[in-house]
Amino acid sequence: MTPVHRRTQGSGTHAPELRAAAAHLGRRRFLTGTAAAAALAFSVNLPSAGVASAAALDARKIAENPFTLGVASGDPRPDGVLLWTRLAPRPYEPDGGLPPNRVAVRWELAHDARFTKIVKRGETDAHPEFHHSVHVDVPGLAADRVYYFRFRTGTWISPVGRTRTAPARNAKVSSLKFAAVSCQAYHDGYFTAYKHLAQEDLAVVFHLGDYLYEYAVSAVGGARNYTEPSLPAHFNRETITLEDYRMRYGLYKSDPDLRAAHAAHPFVVTWDDHETENNYAGETPENDVPPEEFLLRRASAYRAYWENQPLRTPQRPTGSDMRLYRRLEFGRLAQFDILDTRQYRSDQAYGDGWQAPGPESEDPSRTLTGQTQERWLLDGWKKSKATWNVVPQQVTFSQRRNLTTPDFKLSMDSWDGYPASRQRLLNGVQAAGLKNFMVLTGDVHTSYAYDIKKDWNNPQSRTLGTEIVTTSISSGKDGAERPSNWSTFMAANPHMKFYNGRRGYVTVALGAKQARADFRTVDAVTTPGAPVTTAASFVTEAGAPGLKPA
């Protein structure tokens, strides 16, 4: 989240024929709720399925390394994992340095990093319609097993990636360690935290949103302050079009520390706002633009997101719609319900920002998740047999007052702006009898640790769960260990057990008897190479929620 403001949009514009196609259906969608998805998909040249209409390119003619963006894996299951790469010899160019032809890509999965024990191999096509991205869903694997993978095309071989399948569905798992990350503004600094994350021993990494930012990136990379070479001028504008978003992913994924983290661990990704536009809410943009313009922009952003993430086919968008919420299970130890709190939410109350709560924000009809996702979540909890029920999502779940006095304000973009929606979930936690409820949060560029209370106005009320908020990778630049409002926030929110403003990430180790969170921070991102330290550690006991210093 970025403080609300009105901006002049960048110079990138949609082609006139695409705008005309969207205008034809945009108003009808807003008035009726009917998603003319096929028309939108056609208007931005986004086919509903991969096609082989493009002529094949002889991969032996690719003269430059096409694996500049590295490799990734994601959404591990007991019997499979999703492998990803994108061919882009020149990632800063609109076409990635390839002609509009399909390219044959071979993939290999092995038990060892030297590929002496290959388990599976195959071939697929990288289609120009999908910007030469490759998504390989590999089935038939052993549960809870480390694998290594790579891609080949022509004479080129990709870097090696390491991934891991989830434990068997009903397996009794003794421990699981994962990380949560969020908010990586390229123009605010280096991705140093990812360099350290790549060295951690983890089963999976949850990315909670703001994988990229739509804002302009100067020739010197903003706060990175490059001396040479300078970045192309087309990055120095806000992302609007499909071409803009695609190239921005090329910029971000060219970062060596981000590539290292993706190669080291499987990622489970969900978005927040900046992958499209700051603080958008459902079909409502931040800026005053025609509905069809924002639908077209959202379709472009969603398409580029899928192309550049390790996501399966069910997550592939249709026009401006994309189902990103989903469920992953790690044996009987943990169930992860990954949410999307952007695409279906009601508009922020009182014009957004920090506001006094009132009838508008407290309207019981308001929703952060949408009714369908909310019902899916509540039903999933009722059926859960996991020891820990974890919800990776975007914005702060716990109440967060900005003052100790009665005239306090709350963030209208967070769950505080949707208290009825939050209460329905807390009612669901209690109805399902969840004893170990945990929320993972990003968005705010700070580390927080909260006890989730039954009654926010009574510090002695029952603790229903815990919220672990990861700070940003780089957004907010270097930050400070204790931001200027540290004392006020800690006093105003007694359920807030920790607050730190440095950059970094959090690791969480789940066990049968307790969970432990380690807040890992770096003291600088505007200069590269800062070491990582553990700023604080907390534990919560299974069956007795409540954070205590470790």
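Here are some notes on this predicted model, point by point.

1. Some ground rules. Residues are numbered from 1 along each chain as its sequence is written, and side-chain values use heavy atoms, with hydrogens and water left out. Because the model is predicted, local features need pLDDT of at least 70 and side-chain atom pairs count only at pLDDT 80 or more, while totals for chains, interfaces and linings use all residues.

2. Six of its seven residues are buried, so strand 2 is largely enclosed by the rest of the structure. Buried means under 20% relative accessible area, exposed over 50%, and partly exposed in between (1.4 Å probe, protein chains only).

3. What does strand 2 pair with? Its partner is strand 3 (residues 80–86), in the antiparallel sense, over five bridges; two strands pair if DSSP finds at least two bridges between them. Look for Gly74, whose bridge partner in strand 3 is Leu82. Two residues sit between the strands, which form a hairpin.

4. Now for charges. The whole structure has 28 salt bridges, each being a side-chain nitrogen of Lys or Arg within 4 Å of a carboxyl oxygen of Asp or Glu. One of them joins Glu64 and Arg90 at 2.8 Å, N to O. Glu64 is in the loop between strand 1 (56–57) and strand 2, and Arg90 is in the loop between strand 3 and strand 4 (102–110), so the pair links distant parts of the chain, 26 residues apart. Glu64 counts as partly exposed, at 35% relative accessibility, and Arg90 counts as partly exposed too, at 40%.

5. Are Arg150 and Glu108 buried or exposed? Both are buried, and their side chains meet in a salt bridge of 2.6 Å, N to O. Arg150 lies in strand 7 (residues 146–153) and Glu108 in strand 4, so this pair ties together parts that are 42 residues apart in sequence. There's a network here as well: salt bridges with shared partners join Glu108, Arg121, Arg150 and Arg152.

6. Glu374 and Arg424 form another salt bridge, at 3.0 Å, N to O. Glu374 is buried at 11% relative accessible area, whereas Arg424 is partly exposed at 25%.

7. On to the rings. The count comes to 31 aromatic pairs: rings of Phe, Tyr and Trp (its six-membered ring) pair if their centres lie within 6.5 Å, and planes under 30 degrees apart count as stacked, over 60 as edge-to-face and the rest as tilted. Trp381 and Phe437 are edge-to-face, 5.4 Å centre to centre with 75° between the planes. Trp381 is in helix 7 and Phe437 in strand 18 (residues 437–441), so the pair ties together parts 56 residues apart in sequence.

8. Phe437 also pairs edge-to-face with Phe397, at 6.3 Å centre to centre and 75° between the planes. Both Phe397 and Phe437 are buried, and so is Trp381. Elsewhere, ring pairs link Tyr186, Tyr190, Phe191, Tyr194, Tyr226, Tyr252 and Phe267 into a cluster.

How values were computed:
Helices (H or I, at least four residues) and strands (E, at least two) are DSSP runs, numbered from the N terminus.
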